[in-house]
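User: I am new to this structure and would like to go through the terms used for it one at a time. Please set each value against the definition behind it.

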Amino acid sequence: MTAPLIVFAAAEHDGHETPAWHTEHRGRLDAALAGVHEAGLDDAAEWRVPDAVDVADLALVHAPDYVSAVESFCAAGGGNLDPDTVATPGSWDTARRSAGAVLGGIEALRAGECDVAFAAGRPPGHHAIRDRAMGFCLFNNAAVGAAKIAAAGEKVAIVDWDVHHGNGTQDIFYD
């Protein structure tokens with residue numbers, strides 16, 4: 001039986017600890033997940049914990065040296081990667097699960113397991129460029145998903161709905 005909606009979320013595995021005053025904090029994910037309930041979709045939704053994306057999939061859009069640097073930075077305790085983007089020891093796994101949520105959604109849709117997939121994760125992922133974090137994003141989850149689809153020979157359209165566009169996604173696919 002096809003589920004109307006599969007939600008890929010790993011709130012219980014969220015180790016991306018940003019300061020409470022930071023714009024990108026855990027409450028954003030909590031609010032997104034509460035929205036499923038508030039929209040009356042409880043009976044329609046199936047919840048899945050996303051797998052962490054493989055480093056090889058991150059390398060579809062990110063420089064391998066950058067991916068390794070993020071892993072090392074998190075393992076060393078983290079800090080600020082830029083004025084907006086924070087990483088902590090738990091950010092490495094959390095960011096990989098966030099990108100993995102996108103790939104999990106793609107796989108579920110391809111397999112006909114659902115009509116709609118919702119990848120709810122943090123840190124978000126459409127501002128990071130090939131070799132640098134940006135705009136709260138460690139990795140570009142949107143670009144990882146699009147690259148994976150394109151690598152399978154399929155056409156991809158990215159519709160970016162935010163206060164400002166995902167400059168990282170644009171930068172990665174500009175050529």
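Analyst: Let me begin with Ile-158, which is partly exposed, because its relative accessible area is 41% and the term covers values between buried (under 20% relative accessible area) and exposed (over 50%), with a 1.4 Å probe and protein chains only. This is a predicted model, in which local features need pLDDT of at least 70 and side-chain atom pairs count only at pLDDT 80 or more, while totals for chains, interfaces and linings use all residues. Residues are numbered from 1 along each chain as its sequence is written, and side-chain values use heavy atoms, with hydrogens and water left out.

User: What makes Val-156, Ile-158 and Phe-173 a nonpolar surface patch?

Analyst: Patches are made of residues with over 30% relative accessible area and no salt bridge, where nonpolar side chains (Val, Leu, Ile, Met, Phe, Trp, Tyr) are joined within 5 Å and like charges within 9 Å. Ile-158 has 41%, and together with Val-156 and Phe-173 it makes a patch of about 230 Å², an accessible area that comes from the Shrake-Rupley method with a 1.4 Å probe, with only the protein chains shown counting as cover for residues. Ile-158 itself is found in the loop between α5 (141-151) and α6 (167-173), where helices (H or I, at least four residues) and strands (E, at least two) are DSSP runs numbered from the N terminus.

User: Why is His-164 called partly exposed?

Analyst: His-164 has a relative accessible area of 46%, so it is partly exposed. His-164 is also found in the loop between α5 and α6, and, leaving aside neighbours within four places in sequence, it is in contact (heavy atoms within 4.5 Å) with His-126 and His-127.

User: How do you know that Asp-14 and Arg-26 meet in a salt bridge?

Analyst: A salt bridge is a side-chain nitrogen of Lys or Arg within 4 Å of a carboxyl oxygen of Asp or Glu, and for Asp-14 and Arg-26 the N to O value is 3.9 Å, which meets that limit. Asp-14 lies in the loop between β1 (3-9) and α1 (26-38) and Arg-26 in helix α1, so the pair ties together parts that are twelve residues apart in sequence. Asp-14 is buried, because its relative accessible area is 11%, whereas Arg-26, with 32%, is partly exposed.

User: Why does Asp-57 count as buried, and with which residue does it form a salt bridge?

Analyst: Asp-57 has 11% relative accessibility, so it counts as buried. Its partner is Lys-148, with the closest N and O atoms 2.8 Å apart. The pair links distant parts of the chain, since Lys-148 is in helix α5 and Asp-57 in helix α2 (residues 55-58), 91 residues apart. Lys-148 is partly exposed, with a relative accessible area of 32%.
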